[in-house]
Amino acid sequence: PYEAEDKMVIQDDWYENGPPKGFGKELFQHDLDRLDKCIEHVVDLLPIFNETDIQSVVAGPITYSPDILPLIGPTYKLKNYWLAVGFGYGIAHSGGAGKYLARWIMNGEPDYDLIECDPDRYSTWCDKQFALDKARESYG
């Protein structure tokens, strides 16, 4: 967990309207107060951090799916439309996901089954409010 629910900032309007026009690689204004409990925990575990300074802070958007798993593979809602989105841990899985998708696209079948990451696994039960509530729960 990153932040306490009362301190987290979620861009709810992006769900409905998408990111602001022209948004690309911009970062958010950092706010270390949102992470004070995490920082305190690190200092308790590693007291040497009391003697250090934070050199830089990166605060950018993170995507979460309702079940925390990414959406990888074709969506049957749009012909020839493939997804690799919703990686809550950023680029950590990019190499494996890219290799998996490339082989699937080239060979017509995946090398192994990742049904838990099927982009079409959600149905009408997963409405906007459910998705936003689960994102808050997963992030916090």
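Author: The questions below concern a predicted model and the terms used for its aromatic residues.

Reader: What makes the pair of Tyr 100 and Trp 104 edge-to-face?

Author: A search of the whole structure finds eight aromatic pairs. In the pair of Tyr 100 and Trp 104, the centres are 5.7 Å apart and the planes stand at 70 degrees. Centres within 6.5 Å make a pair, and planes over 60 degrees apart count as edge-to-face, so the term applies. Both residues belong to helix 3 (residues 94-107), four residues apart, about one turn of the helix.

Reader: Why is Tyr 100 called buried?

Author: Its relative accessible area is 5%. Buried means under 20%, so Tyr 100 qualifies. Trp 104, at 15%, is therefore buried by that cut-off as well.

Reader: Why is the pair of Tyr 100 and Tyr 112 called tilted?

Author: The ring centres of Tyr 100 and Tyr 112 lie 5.1 Å apart, with the planes at 45 degrees. Tyr 100 is in helix 3, whereas Tyr 112 is in the loop between helix 3 and helix 4 (128-139), so the pair ties together parts 12 residues apart in sequence.

Reader: Why does Tyr 112 count as partly exposed?

Author: The relative accessibility of Tyr 112 is 47%. Buried requires under 20% and exposed over 50%, so Tyr 112 falls in between.

Reader: Which residues form one aromatic cluster with Trp 82?

Author: Trp 82 forms one aromatic cluster with Tyr 100, Trp 104 and Tyr 112.

Methods: Residues numbered from 1 in each chain as written. Predicted model: local features only at pLDDT ≥ 70, side-chain atom pairs only at ≥ 80, totals over all residues. Heavy atoms only, no water. Phe/Tyr/Trp six-rings, centres within 6.5 Å; stacked < 30°, edge-to-face > 60°. Helix = DSSP H or I, 4+ residues; strand = E, 2+ residues; numbered from the N terminus. Buried < 20%, exposed > 50% of the residue type's maximum accessible area, 1.4 Å probe, protein only.
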